[in-house]
Amino acid sequence: EGAEAIDRADAGSLPTLIHIDDYNADLHSHTHASDGANTIEEMAEAARARGYECLAICDHSRSSGQAGGLSVERLLEQIDQVRAVNDSMGDDFTVLAGSEVDILRDGKLDYPNEVLAQLDWVVASVHSNFNLSEAAQTERFLAAMENPYVRVVGHPTGRLLSRRDPYPLDIAALIAKAVDTGVALELNSAPDRLDLKAEYCAMARDAGVPISINTDAHRRESFESIRYGLATARRAWLEPKHVLNTWSVEDIRAFRAPA
């Protein structure tokens, strides 16, 4: 689909693209606590069976009522439950207590910082107000990325293939903000999302922004959709070094961790 590949091949400089064997951690998954189908334990066991070393449980936040978003009280209970499951998994697998936190219309997050501080992992996503202008939508994202607890921006353009067009968003500004703040951008592997698309992933790669390839799995079987995300990543010429999910658990935990 581009002119670069033949020239690079002729020069012997083709990259070694990411492969499933490089993939170590799914950092965006859901359970039956919000709109998923399985328990924390079931999701963790399924991820470990795939050879992963880490799974982040990121159920929806309280403003996503249509998705069974967790109140503060329910989230705090779930954090304890995730910690207990993590302790039961042994030393070869880590379960992170996370949340897919809604970015509100004004760019603030759906939980206060004192709650976010208790989480291991925060994916910040938009699930409402899709009809803002490009300037307003972009500013909304940029404000959210300033929050010190955000690790990843989830499915940034909001598209649902064949159902919903992406909302207007200045991708170049989003990537520039990711450079400034150190936030990663998600390549969501759900087959109706594939968001970010390959073109934008390549732009992020060139800017030095880490990509987090996640399934957004709502049931155990959905971990299989990682192949779609990896195919998109390979179209973007992503190498393992460009992808957060290939890192060690220690390096993942440390990524943009608040001081």
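This note describes aromatic pairs, charges over rings and the surroundings of one asparagine in a predicted model.

1. Basis. Residues are numbered from 1 along each chain as its sequence is written, and side-chain values use heavy atoms, with hydrogens and water left out. Because the model is predicted, local features need pLDDT of at least 70 and side-chain atom pairs count only at pLDDT 80 or more, while totals for chains, interfaces and linings use all residues.

2. Aromatic pairs. Rings of Phe, Tyr and Trp (its six-membered ring) pair if their centres lie within 6.5 Å; planes under 30 degrees apart count as stacked, over 60 as edge-to-face and the rest as tilted. The count under this rule is 5 aromatic pairs. Tyr23 and Tyr52 make up an edge-to-face pair, with 5.1 Å from centre to centre and 65° between the planes.

3. Setting of Tyr23 and Tyr52. Helices (H or I, at least four residues) and strands (E, at least two) are DSSP runs, numbered from the N terminus. Tyr23 belongs to the loop between helix H1 (4-10) and strand S1 (25-29), and Tyr52 to the loop between helix H2 (40-49) and strand S2 (54-60), so their pair ties together parts that are 29 residues apart in sequence. Buried means under 20% relative accessible area, exposed over 50%, and partly exposed in between (1.4 Å probe, protein chains only). Tyr23 is buried at 4%, and Tyr52 is buried at 4%.

4. Phe130 and Tyr167. The ring centres of Phe130 and Tyr167 lie 5.8 Å apart with the planes at 10°, so this pair is stacked. Phe130 is in the loop between strand S4 (121-125) and helix H5 (134-145), and Tyr167 is in the loop between strand S5 (152-153) and helix H6 (171-181); the pair thus links distant parts of the chain, 37 residues apart. Phe130 is partly exposed at 28%, whereas Tyr167 is buried at 5%.

5. Charges over rings. A charge sits over a ring if NZ of Lys or CZ of Arg is within 6 Å of the ring centre and within 35 degrees of the ring normal. Arg164 lies over the face of Phe130, 4.1 Å from the ring centre. Lys197 has its charged end over the ring of Tyr200, at 4.9 Å from the centre.

6. Asn147. This residue is in the loop between H5 and S5 and is buried, at 12% relative accessibility. Its side chain forms a polar contact of 2.9 Å with the side chain of Asn113 (N or O atoms within 3.5 Å; within protein, one must be able to donate a hydrogen and the other to accept it, and residues adjacent in sequence count only if both atoms are side-chain atoms). The Asn147 side chain also reaches the backbone nitrogen of Tyr149 at 2.8 Å.
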